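Let's sit down with this one and read it feature by feature. Have the viewer open and ask as we go.

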Amino acid sequence: MHSNHLLLEEPIRMASILEPSKSSFFPAMTKIVGTLGPKSRSVEIISGCLKAGMSVARFDFSWGNPEYHQETLENLKAAVKSTKKLCAVMLDTVGPELQVLNKTEKSISLQEDAIVVLTPNQDLEATSELLPINFTGLSKAVKKGDTIFVGQYLFTGSESTSAWLEVSEVKGDDVVCVIKNSATLAGSLFTLHGSQIHINLPTLSDEDKEVISSWGVQNKIDFLSLSYTRHAEDVRQAREFLSKLGDLSQTQIFAKIETVEGLTHFDEILQAADGIILSRGNLGIDLPPEKVFLFQKAAVYKCNMAGKPAVVTRVVDSMTNNLRPTRAEATDVANAVLDGSDAILLGAETLRGLYPVETISTVGRICAESEKVFNQDLYFKKTVKFVGEPMTHLESIASSAVRAAIKVKASVIICFTSSGRAARLIAKYRPTMPVISVVIPRLKTNQLRWSFTGAFEARQSLIVRGLFPMLADPRHPAESTSATNESVLKVALDHGKASGVIKSHDRVVVCQKVGDASVVKIIELED
């Protein structure tokens, strides 16, 4: 994986670009989050998605009821069992999302320069002149000249399924708009997005809380994707809510940045959240097009330095209906990887797209190619410089393990961890080889029964670039005598050999705790 590491800054022999890529057990270090829906909920399709490289399944509660999503999740569990590929579960909240309600589901045709009225009266029927919405405060939030975007499903930027509206006047609770482009909206729900408009609604709605405390608790969700995060306080409140829900106190919160408000408070949000999702669909409406790349690069860099996963969305929209991405999309995926993203999130492409499995596999291949030219050396130096001195004990061990692995051309780094923190720190330095995090379960009790922790920690590393979890046997404690560590190490090495990541005579860097000390050792494998 790292032996043919090229650098874009060095002259590349052009013919070498055409050489077929070597296949490896881990298709790409960058992770893929797939949204499961109508076109991707059978056991067969989900199994295909897992084999193609999906490691996190996202359930979007903007549509569909809990029973529907539960059926999909049961199919996911069956697919995980049959493919033996671990997969984490992400629940995506609705948040303060504005929607147009089209009860009759007849398609609505909007004509350029015509007038359309947005009304909070949900009893009325949606027509080309009148669109009922689910929010009473829109008339107070907008003023003449503001831009509102209404789109079918997700904003695809395709101007045949979405329309720009310009507010011409506010009449009581109604908002009168001029249509800026012709479009046809089909289906029962369209999303409404006001560009740079503050919507006075809670980030975690009552419906969201209901879904989290029933569906979320029942299924022990690994990640909560907090839609429309605008302030660090949103994350703190969500965390407080989760802390009262038993197992969900371990659920990681990913703040979804989709508005200028979230962008302005980015630093505080990053500090409070466990990871960040850059929702480029909505951000692309809130920001001028020429600023989108700048925000992406700055945000991903900040996430990288904080050692928190950065997830980029809306990369291959055109694959919703086509088997191949556009040139711009293929380049966009590669740039997201070169910028340092941990994961790529697919929405409409897998949810209602015609080619869910092919999309995941195409994105995975582009990621793998981009990782070959990722400038790890420069990235490592930047990270070490950013962390500064004196380094914390853990940070210094993690960076040393990565440096050693690169110097000795190790094929893999094995890290023993119980909380997952040590492994995430190693991954923060973006080693060129996979990091196998061996999660050692810990025994805990609530005075009534014993239970093991570890499954959460293992699945939560499925969204971190370069991290591949493996649950150890609970009989092996993480900090223990050298004898038990040796036996866990043997299991990890056998796992590596079986999957083809480790071969005889390879070098492996191992990071583990022995007593109170953290140890980094290099081992060379015999035949």
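**Reading charges, strands and helices**

A: Let's start with a side chain: Lys77 is partly exposed, its relative accessible area being 42%. Keep in mind that this is a predicted model.

Q: Which side chain does Lys77 meet in a salt bridge?

A: The general idea: side chains of opposite charge can pair when their charged atoms come close. Here Lys77 pairs with Glu74, with 3.6 Å from N to O. Both sit in helix H2 (residues 66-83), and because they are 3 residues apart, about one helical turn separates them. Glu74 is partly exposed too, at 38% relative accessible area.

Q: How many salt bridges does the count come to?

A: The count is 22. One of them joins Asp92 and Lys256, 3.2 Å from N to O. That pair links distant parts of the chain, with Asp92 in strand E3 (residues 88-92) and Lys256 in strand E14, 164 residues apart.

Q: Are Asp92 and Lys256 buried or exposed?

A: Both are buried; the cut-off for that word is under 20% relative accessible area.

Q: What parts does the salt bridge between Arg459 and Asp222 tie together?

A: Look at the contact itself: the side chains of Arg459 and Asp222 meet at 2.8 Å, N to O. Arg459 lies in helix H16 (residues 455-460), while Asp222 is in the loop between helix H4 (206-218) and strand E13 (223-226), so the pair ties together parts that are 237 residues apart in sequence. Asp222 is buried, with a relative accessible area of 1%. Now go back to Asp92 and Lys256: salt bridges that share partners join them with Arg58 and Asp60 into one network.

Q: On to strands. In what order do the 8 strands close into a barrel?

A: Strands of a sheet pair through backbone hydrogen bonds, either parallel or antiparallel. In this barrel the pairing is parallel, and the order is E1-E2-E3-E13-E14-E15-E16-E17. From one strand to the next, the twist averages 25 degrees.

Q: How many bridges join strand E16 to strand E17?

A: There are 3 bridges between E16 (residues 310-313) and E17 (residues 343-346), and the two run parallel.

Q: Which strands does helix H9 lie across?

A: Helix H9 (residues 292-306) lies across E14 (252-257), E15 (275-278) and E16, and it runs at about 170 degrees to E15.

Q: Why is strand E22 described as largely enclosed?

A: Count its buried residues: 4 of the 5 in E22 (residues 467-471) are buried, so the rest of the structure largely encloses this strand. E22 is joined to strand E19 (residues 435-439) by 5 bridges, and these two run parallel. Ile436 stands opposite Phe468 in E22.

Q: Last topic, helix packing. At roughly what angle do the axes of helix H1 and helix H12 cross?

A: Two packed helices are described by the angle between their axes and the distance between the axes. For H1 (residues 43-52) and H12 (residues 356-372), the axes come within 8 Å and cross at roughly 5 degrees. H1 and H12 are therefore roughly parallel to each other.

Q: Which residues in H1 meet H12?

A: On the H1 side they are Ile45, Gly48, Cys49 and Ala52, facing Pro356, Val357, Ile360 and Ser361 in H12. By class, this contact of H1 with H12 has 6 nonpolar, 2 polar and no charged residues.

Methods
Residues are numbered from 1 along each chain as its sequence is written. This is a predicted model: local features need pLDDT of at least 70, side-chain atom pairs count only at pLDDT 80 or more; totals for chains, interfaces and linings use all residues. Side-chain values use heavy atoms; hydrogens and water are left out. Axes are lines fitted to C-alpha atoms, for helices over the stretch in contact, and angles run from 0 to 180 degrees between N-to-C directions. Angles under 35 degrees count as roughly parallel, over 145 as roughly antiparallel, 65 to 115 as roughly perpendicular and the rest as oblique. Contact means heavy atoms within 4.5 Å. Ala, Val, Leu, Ile, Met, Phe, Trp, Tyr, Cys and Pro count as nonpolar, Asp, Glu, Lys and Arg as charged, and the others, Gly among them, as polar. Two strands pair if DSSP finds at least two bridges between them. Buried means under 20% relative accessible area, exposed over 50%, partly exposed in between (1.4 Å probe, protein chains only). A salt bridge is a side-chain nitrogen of Lys or Arg within 4 Å of a carboxyl oxygen of Asp or Glu.
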